Amino acid sequence: MRISMDGPGADGELRSFRSWLLETPDIRNHAKISWVTVDPDAGEMGAGTLETLQLITDNFWQIATFSLSYAAWRNTRAKSPRVTIEYDGKVVTVEGSDNDNIERIIQALTEE
């Protein structure tokens, strides 16, 4: 699973979310959390690399645990950048703090 954020303050918010995940025992104990750097696509603005958070999980329940952790973290933020989550070839982008985001994340990442 890869998580990226864009918008004002996205780098700091992604680091904050990483810290939140590391403090969540169910995730910390069942996922490897690391940074991945990627170069911008050809034609996109950007100098250097962009950071993406990567979670390598050992089972499927992590999507629900991740979604709940995202919602809890998001509720602590005054304003959050757009979050893009990629998992198993599926991509979901969420904005805002409404609880429907949890359901959207789970549905998008578990569809066959």
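Visitor: Hi! What kind of model is this?
Guide: Welcome! This is a predicted model.

Visitor: How many helices and strands does the protein chain have?
Guide: The protein chain has 4 helices and 5 strands. Starting at the N terminus, the order of elements is β-α-α-β-β-α-β-β-α.

Visitor: And how much of the protein chain is buried?
Guide: The chain has 112 residues, and 38% of them count as buried.

Visitor: What share of the contacts comes from residues 24 or more positions apart?
Guide: Looking at contacts with a separation of 6 or more, residues 24 or more positions apart account for 56%.

Visitor: Let's talk strands. Which way do E1 and E4 run, parallel or antiparallel?
Guide: Strand E1, residues 2-6, and strand E4, residues 82-87, run antiparallel and are joined by 5 bridges. To find one of these on the structure, look for Asp 6, whose bridge partner in E4 is Arg 82.

Visitor: What about E4 and E5, how many bridges are there?
Guide: E4 pairs with strand E5, residues 90-94, over 5 bridges in the antiparallel sense. Here Glu 86 has Val 91 in E5 as its bridge partner.

Visitor: How many residues sit between E4 and E5?
Guide: There are 2 residues between them, and the two strands form a hairpin. In the turn, Asp 88 has a positive phi of about 55°.

Visitor: While we're at E5, is Lys 90 buried or partly exposed?
Guide: Lys 90, which lies in strand E5, is partly exposed, because its relative accessible area is 22% and the buried class stops under 20%.

Visitor: So what does Lys 90 touch?
Guide: Not counting residues up to four places away in sequence, Lys 90 touches Ile 85, Ala 108, Leu 109 and Glu 111. Lys 90 and Leu 109 are 19 residues apart in sequence, while their C-alpha atoms are 6.0 Å apart in space.

Visitor: New topic: helices. At what angle do H1 and H3 pack?
Guide: Helix H1 covers residues 10-22 and helix H3 covers residues 62-74; they pack at an angle of about 125°, with axes 10 Å apart. That angle makes H1 and H3 oblique to each other.

Visitor: Which residues make that contact?
Guide: From H1 come Glu 13, Ser 16, Phe 17, Trp 20 and Leu 21. From H3 come Phe 66, Ser 69, Tyr 70, Ala 72 and Trp 73. H1 passes H3 in a right-handed crossing.

Visitor: How are H3 and H4 set, oblique or roughly antiparallel?
Guide: H3 and helix H4, residues 100-110, cross at roughly 150°, and their axes come within 9 Å. H3 and H4 are therefore roughly antiparallel to each other, since angles over 145 degrees fall in that class. This crossing of H3 and H4 is right-handed.

Visitor: And who meets whom there?
Guide: On the H3 side you'll find Ile 63, Ala 64, Ser 67, Leu 68, Tyr 70 and Ala 71. They meet Ile 102, Ile 105, Ile 106, Leu 109 and Thr 110 in H4.

Visitor: Last one: is Ser 34 buried or exposed?
Guide: Ser 34 is in strand E2, residues 31-38, and counts as buried because its relative accessibility is 18%. Leaving aside neighbours within four places in sequence, Ser 34 is in contact with Thr 52, Leu 53 and Gln 54.

Note on methods
Residues numbered from 1 in each chain as written. Predicted model: local features only at pLDDT ≥ 70, side-chain atom pairs only at ≥ 80, totals over all residues. Heavy atoms only, no water. Buried < 20%, exposed > 50% of the residue type's maximum accessible area, 1.4 Å probe, protein only. Contact = heavy atoms within 4.5 Å. Pairing = 2+ DSSP bridges. Axes fitted to C-alpha atoms, helices over the stretch in contact; angles between N-to-C directions. Parallel < 35°, antiparallel > 145°, perpendicular 65-115°, else oblique. Left-handed = near helix turned anticlockwise from the far one by under 90°.
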